[in-house]
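Dear colleague,

Please find below the structure that I am handing over to you. My notes on what was found in it follow directly after.

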Amino acid sequence: MLETIPETASFVCPTPPRQRDRIVLGHGSGGRLSAELLRDVFLPLFSNPVLDRMDDQAIVEIGGARVAFTTDSFVVQPLFFPGGDIGSLAVHGTVNDLAMGGARPLFLSAGFILEEGFSVAALRRISSSMAEAAAAAGVMIVTGDTKVVERGKGDGLFINTTGIGIVPDGVRLSARQARPGDRVILSGAIGDHGIAILCRREGLEFENEILSDSAALHNLVGAMLSASTGANAIRCLRDPTRGGVSSALNEIAEQSKVSIQIQETCIPVREEVRGACELLGLDPLYIANEGKLLAIVAPEAVDQILAAMRRDPLGREAAIIGTVGDESAGMVTLRTAFGSTRIVDMLAGEQLPRIC
Amino acid sequence: MKYVDEYRDPKIAQAVASEIARKVTRPWVLMEVCGGQTHTLMRYGIDELLPPKIELVHGPGCPVCVTPLDMLDRAVRIASLPNVTFTSFGDMLRVPGSESDLFQAKAWGADVRVVYSPLDAVKIARANPERKVVFFGVGFETTAPANGMAVWQAKREGLKNFSMLVSHVLVPPAMRLILSSPANRVQGFIAPGHVCTVMGYHQYEELASDFHVPMVVGGFEPLDLLEAISMLVSQLEEGRAEVENQYTRSVNREGNLAAQNILREVFEVSGRQWRGIGPIPESGYRLRDEFAEFDAERIFGMEGCHAEEPRECISALVLQGLKKPLDCTAFGKRCTPVTPLGAPMVSSEGACAAYYQYRRHA
Amino acid sequence: MCLAVPGRLLSIEGDDPAFRVGRVDFCGVKRTVNLAFTPDAEPGDFLLVHVGFALTRVDEEEAHRTYQYLAQIGALAEEGLAPLDQVRLAPLDQVAIAPFNPEEIAP
C-alpha cells in the first residue's frame with residue numbers, strides 16, 4: 001500500500017472547503033467562525049459606515065454628543081455560578097462594552113426570554129442581582145421587555161441588554177489605532193470566568209473556589225483615561241470575553257494591520273485556573289473573562305497608566321504583557337518561557353460552549 | 001504543579017539542548033509517535049532548541065487522525081438515529097467524515113455530547129434508560145483500559161442501553177510498518193510514554209533488534225522529550241539499538257498488569273484500517289464476542305462503504321513522517337482547522353494542526 | 001489524547017476493586033478518579049490520571065532521580081537550581097508573574 005501513494009506533485013483538483021449551511025455552536029464562540037458569520041451574512045446586508053468599523057460598541061453623533069450604543073445577549077449555562085449569575089453578567093457585559101469605547105455608561109434596557117415553567121423565585125433572584133449590579137455601576141435599567149416561549153424551547157432564560165452612554169470629547173478609542181512600539185497591558189489574571197462556569201457545569205471542586213471575575217470596568221477605564229496625558233495615549237481597549245485574550249488581540253492585530261507579541265512569563269494566571277486548564281487540556285489564552293481588559297497604550301504613557309490601574313481594585317494585578325510590532329500584519333505571537341516563539345491563533349471552533 | 005512544572009524549566013532545557021549539540025556528529029532523523037508528544041514539541045519549540053543536525057518527524061500517533069473515514073461515517077449515522085445519545089471525547093467532533101462530522105450532526109438535531117471519561121457515558125446510560133447511549137471508543141493503548149473497564153462495568157450492572165463504537169489502534173504495528181517501508185528515513189524512535197505506562201516496553205525490544213533502531217520511552221514534558229532525544233542521540237552515536245526508558249517515574253518494563261488484564265478480558269486484537277495509511281493487520285482492538293451486546297457496530301448493523309480521502313490531502317505522507325505539513329500545497333490555504341481536508345488538521349494533536357497553530361510563519 | 005496529569009490521592013472510597021474511587025487533588029482542583037488499575041494506591045500517593053482513571057502511581061524516587069540528573073546538567077551550565085523538594089508551588093492567591101522586558105521579545 002505504501003508503493004501506491006502518489007507523489008504530491010501529481011495531486012490535481014483540491015476539494016473545495018465545506019460550505020456551512022447550518023449554524024454550529026462554534027459560530028457563537030467569539031472565534032473565527034463567529035467572525036465569518038458576521039462577514040458572510042450580517043455585514044453585507046446591514047453595511048454602513050458605523051457598523052463596518054466593527055468596534056465593540058457603535059459610536060454615533062446625536063445632536064453634538066457622541067453616544068455609544070451596544071447590545072449583548074446572555075445565554076450562559078448554568079444560570080447561577082460562583083461569583084455571579086446571568087443577571088449580573090448581563091449588566092456587567094454591556095456596561096463593559098460601553099466602557100471599552102471610552103463611554104460613561106448611563107442607561108440599559110433588559111429583554112427577557114423566559115421558558116414556560118421557569119421558577120419565579122429564580123427570576124426574582126436574577127433580577128435582584130441585576131438591580132444590584134446596575135446600582136453599583138451607576139446605570140439605570142430604564143426599559144425592557146418580557147416574552148415567554150413554550151416549555152422545551154428556551155433553556156430556562158435568555159437575557160438581552162442594550163446600553164447607551166456618552167463618550168467624552170477628546171476620547172477616541174478604536175481597534176484600528178494600534179501602532180508599532182505600543183505596549184499591551186492586561187488588567188489582571190485570566191481564565192477565571194470560563195473556569196468558574198466549567199467547574200460548576202462539570203462538577204469540578206476547588207480547594208479555594210474559583211469565582212467568575214464578572215465586574216463593571218467603567219471606573220477602571222475612567223481612571224485610565226484620566227491618567228493618560230496627551231491625545232490618544234490609550235489607543236484601544238478590549239474586554240477579552242468569548243474567545244479570550246487570543247481573540248481580542250487577533251482582532252486588534254487584524255484591524256490595525258500590525259503584529260502583536262506577548263510574553264508567556266508575564267501573563268497572570270491563578271494557580272488553580274492553571275491546574276484546571278492542565279487537567280482539561282485548555283489554554284487560558286482562549287478562555288472567557290468578564291472583568292478584565294486589554295489596553296493598547298503608547299509607550300511613553302505606559303508607566304502612569306499602569307500606576308493608575310494598580311490603584312483601582314479591579315486593576316491591582318495589571319501587567320504589561322507584550323508589544324505591538326510591524327513584522328507580519330495581523331499575527332499574534334507568544335514568546336514562551338523557553339525562548340521559542342509560537343503563534344497565538346484565533347480560536348477555530350468551540351472550546352467551551354455557553355459561557356457567556 | 002508537582003511532577004509537571006519542574007520538567008518545564010527553561011534553563012535546564014537549554015542545558016540539555018547544549019549537551020545534545022555537543023554529542024552529535026552527524027545528521028539523525030528521529031520520530032515521536034504520540035500526538036501528545038508532538039504537541040509538546042511544537043508548543044515549546046523544542047525543535048528550535050535542537051542543533052540543526054537533528055531532524056524531528058512526526059508519526060501516526062494521533063488516534064483521532066488515524067480513525068478511518070468509514071468509522072467516522074458510522075459514528076455520524078449512529079448519532080443521527082432516533083433515541084440515540086452519542087457520546088465522545090471532544091477531539092472527534094470536528095473530524096471530517098465523507099459528508100459530515102459529528103458537530104454538524106449535532107447542529108442537525110442529533111444528541112451528541114462531549115464527555116471527559118467513558119465512565120461519564122455509562123453514567124448517562126444509567127440515568128436515561130430509554131435512550132440508547134453510544135460511546136465512541138477511540139484511542140491507543142493508553143485509553144483502551146478505561147474504555148474496556150466502562151464496558152466491563154456496564155456488563156456487571158446489566159445495562160441494556162449502553163454500547164461502544166470501538167476504534168482502538170496499537171502502536172507497535174504502526175511502527176513496524178514505518179520501519180518496513182523502503183522509503184523509511186527514521187533512525188530512532190521516542191516511544192509513547194503513556195502507552196508504555198499501560199503496556200510496558202518489552203514489545204519494542206523485538207522491533208529495536210529486528211530493525212536495529214534505538215528506542216527511548218519518553219514522557220510529555222519538554223525536559224522529558226529533550227532527555228529522551230539526548231539518550232537516542234547517544235545510542236545512535238555509539239551504534240547501539242536498545243530500548244531505554246527515560247520516563248522512569250511513570251513507566252516500567254512490564255507495564256500495568258491490572259490494566260492489561262482488562263484489555264485481555266474485554267478486547268481481542270484485530271486488523272484495523274488506519275486513515276491515511278491503509279489496513280494494518282493485528283493493529284487494533286475489537287470487543288470480544290462475550291461483550292457483543294455492547295458493541296455498537298454489531299448492534300446497529302453498520303457496514304460503511306469504503307470512502308476516499310480528498311485528493312489533495314497528504315495525510316498519508318505526513319503520518320509516516322515522509323512529508324511535513326508545510327510541504328502540503330493545501331496547508332493553510334484550502335486546509336485549515338476551520339475547513340480541514342484531512343484529520344491531522346483537525347485533531348488538537350495532529351501534526352498539521354500543531355504546525356498551523358504554532359508554526360505557520362516558519 | 002494521551003493527556004494524563006499527576007495528582008495527589010486524598011481519600012479512597014469503595015471496596016469492590018472495579019468500582020473503587022479516590023478523591024485526587026490536582027493543584028487545588030479535586031476530582032473523583034477510578035482506582036481499578038492502581039489497587040495498591042494509598043492516600044498521599046501521586047497518581048497519573050487519564051480520562052478519569054489512575055494509570056499508575058508516580059514513582060517519587062524515580063521522579064527525584066530524573067530531576068536531580070537534569071538539574072545537574074542545568075547546574076553545569078548555570079549555578080543555583082532549586083532541588084526538587086524546594087520547587088515552589090505558588091500560594092493559591094498569589095499570582096506570580098515576571099516583569100515585562102521588551103528586549104526579550106523576539107524580533
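A crossing of two helices is called left-handed if the near helix is turned anticlockwise from the far one by less than a right angle, and right-handed if clockwise. Helices (H or I, at least four residues) and strands (E, at least two) are DSSP runs, numbered from the N terminus.

This is a predicted model, in which local features need pLDDT of at least 70 and side-chain atom pairs count only at pLDDT 80 or more, while totals for chains, interfaces and linings use all residues. Residues are numbered from 1 along each chain as its sequence is written, chains are lettered from A in the order in which they are written, and side-chain values use heavy atoms, with hydrogens and water left out.

In chain B, the axes (lines fitted to C-alpha atoms over the stretch in contact, with angles from 0 to 180 degrees between N-to-C directions) of helix α8 (residues 144–157) and helix α13 (residues 257–266) come within 9 Å and cross at roughly 60 degrees. α8(B) is therefore oblique to α13(B), a term for angles that are not under 35 degrees (roughly parallel), over 145 (roughly antiparallel) or 65 to 115 (roughly perpendicular). The crossing of α8(B) and α13(B) is left-handed.

Chain C has five strands and one helix, in the order β-β-β-β-β-α along the sequence. Of its 107 residues, 47% are buried (under 20% relative accessible area, 1.4 Å probe, protein chains only).

With kind regards

Conventions. Buried < 20%, exposed > 50% of the residue type's maximum accessible area, 1.4 Å probe, protein only.
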